[in-house]
Amino acid sequence: WDNFGIQDAEMIGYWEEDCPVRTSRDDVLATVYLKEGEALIALASWPEHRTPRANLPAADTAPDIDGTLSEGEWTAAAKLTNFVQLGGQELAEDQTDAYVTYDDERLYVGFHCEHPHDELKTDATGHDSQVWTDDAVELFVQPDVQEDTYYQLIGNSAGVTSENRNKDIDWDCEWQFAATTAQEYWEAELSVGLGELGMTIPAGGARIGVNVCRDRQVPAQELSSWAPGGATFHEPDTFGQLVFSTKGAVTREAR
């Protein structure tokens with residue numbers, strides 16, 4: 001902007017009828033800064049909801065699902081962070097880093113959960129109990145972004161699990177989950193067969209709807225997710241997307 005000399009240009013805003021530049025999207029707006037013989041175009045967007053997207057590479061070696069994110073184990077995985085509080089855009093107080101990858105048979109997710117507090121809530125003791133009321137992590141998978149069917153896998157910091165399909169708690173599948181705790185954080189890892197989620201081996205460029213979520217209960221409840229949610233996590237139209245990439249660079253989000 002400084003090199004262009006924007007202070008000497010005429011601004012024609014997107015709100016003006018004679019703005020010479022329009023975009024093909026209603027939520028992307030163009031403002032033109034005009035000088036003799038040249039112009040600078042500024043694009044801006046303030047959508048009510050953002051759909052985060054990440055490129056997902058295949059794993060060379062499957063992670064060991066032991067609940068600990070060992071050094072080098074998730075290096076090539078997509079890294080998702082900047083979790084926001086449910087129902088808004090404000091960053092979560094206790095952040096979560098999620099790592100996602102896959103192979104020909106399974107989807108793998110690792111979680112690193114900041115927790116600089118003395119305790120973790122782990123009251124759920126049996127499979128399909130109310131795990132989400134504990135300190136827990138959740139994975140939502142929507143195999144076809146054009147369909148409403150989605151799957152939810154939940155595990156707490158003590159390794160207790162639950163799963164459902166479209167809130168049907170009677171639906172079960174085979175999957176692995178493990179969690180470990182440490183000072184000021186806890187970690188978890190999961191693995192689930194693609195077939196258990198109604199998926200086949202994804203072709204390059206294929207995309208699925210996904211959200212990765214966190215239930216913090218101590219010292220106070222804080223619900224957060226990678227893709228900003230609505231009133232609850234159970235809203236597929238708010239999910240982010242994972243793109244199974246064969247050529248694109250792996251997504252490594254930074255805080």
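Modeller: Let us begin with secondary structure: helices (H or I, at least four residues) and strands (E, at least two) are DSSP runs, numbered from the N terminus. Ser224, for example, is placed in strand β15, which covers residues 222-225. This is a predicted model, in which local features need pLDDT of at least 70 and side-chain atom pairs count only at pLDDT 80 or more, whereas totals for chains, interfaces and linings use all residues. Residues are numbered from 1 along each chain as its sequence is written, and side-chain values use heavy atoms, with hydrogens and water left out.

Biologist: How many helices and strands are there in the chain?

Modeller: The chain has zero helices and 16 strands. Its C-alpha trace spans about 70 × 40 × 35 Å along the principal axes.

Biologist: Is Ser224 buried or exposed?

Modeller: The general idea is a set of cut-offs: buried means under 20% relative accessible area, exposed over 50%, and partly exposed in between (1.4 Å probe, protein chains only). Ser224 counts as buried because its relative accessibility is 0%. Of the 255 residues of the chain, 46% count as buried.

Biologist: Which residues does Ser224 touch?

Modeller: A contact means heavy atoms within 4.5 Å. Leaving aside residues up to four places away in sequence, Ser224 touches Phe83, Val84, Gln85, Leu86, Ala92, Val212, Cys213, Arg214 and Phe233. For the chain, contacts with a separation of 6 or more can be examined in turn: residues 24 or more positions apart account for 59% of them.

Biologist: Where is Val141, and what does this residue touch?

Modeller: Val141 is in strand β9, residues 136-142. With a relative accessible area of 2%, Val141 is buried. Beyond residues up to four places away in sequence, the contacts of Val141 include Leu107, Tyr150, Leu197, Met199 and Ile208. Leu153 is twelve residues from Val141 in sequence, and their C-alpha atoms are 8.6 Å apart.

Biologist: Let us turn to charges. How many salt bridges are there?

Modeller: Side chains of opposite charge can pair when their charged atoms come close. The rule applied here requires a side-chain nitrogen of Lys or Arg within 4 Å of a carboxyl oxygen of Asp or Glu. By this rule there are seven salt bridges.

Biologist: Which residue pairs with Asp97, and where are the two partners?

Modeller: Asp97 meets Arg255 in a salt bridge, at 3.0 Å from N to O. Asp97 lies in strand β7 (residues 96-102) and Arg255 in the segment after β16 (240-244), so the pair ties together parts that are 158 residues apart in sequence. Asp97 counts as buried at 8% relative accessibility, while Arg255 counts as exposed at 51%.

Biologist: With which other residue does Arg255 form a salt bridge?

Modeller: Arg255 also forms a salt bridge with Glu114, where the closest N and O atoms are 2.5 Å apart. Glu114 lies in strand β8 (residues 106-114), so this pair ties together parts that are 141 residues apart in sequence. Glu114 counts as partly exposed, at 25% relative accessibility.

Biologist: What is the phi of Asn82, and what is that of Asp128?

Modeller: Asn82 has a positive phi of about 60° although it is not a glycine. Asn82 lies in the loop between β5 (78-80) and β6 (84-85), and is partly exposed, with a relative accessible area of 23%. Asp128 has a positive phi of about 65°, and is likewise not a glycine. Asp128 lies in the loop between β8 and β9, and its relative accessible area of 24% makes it partly exposed.
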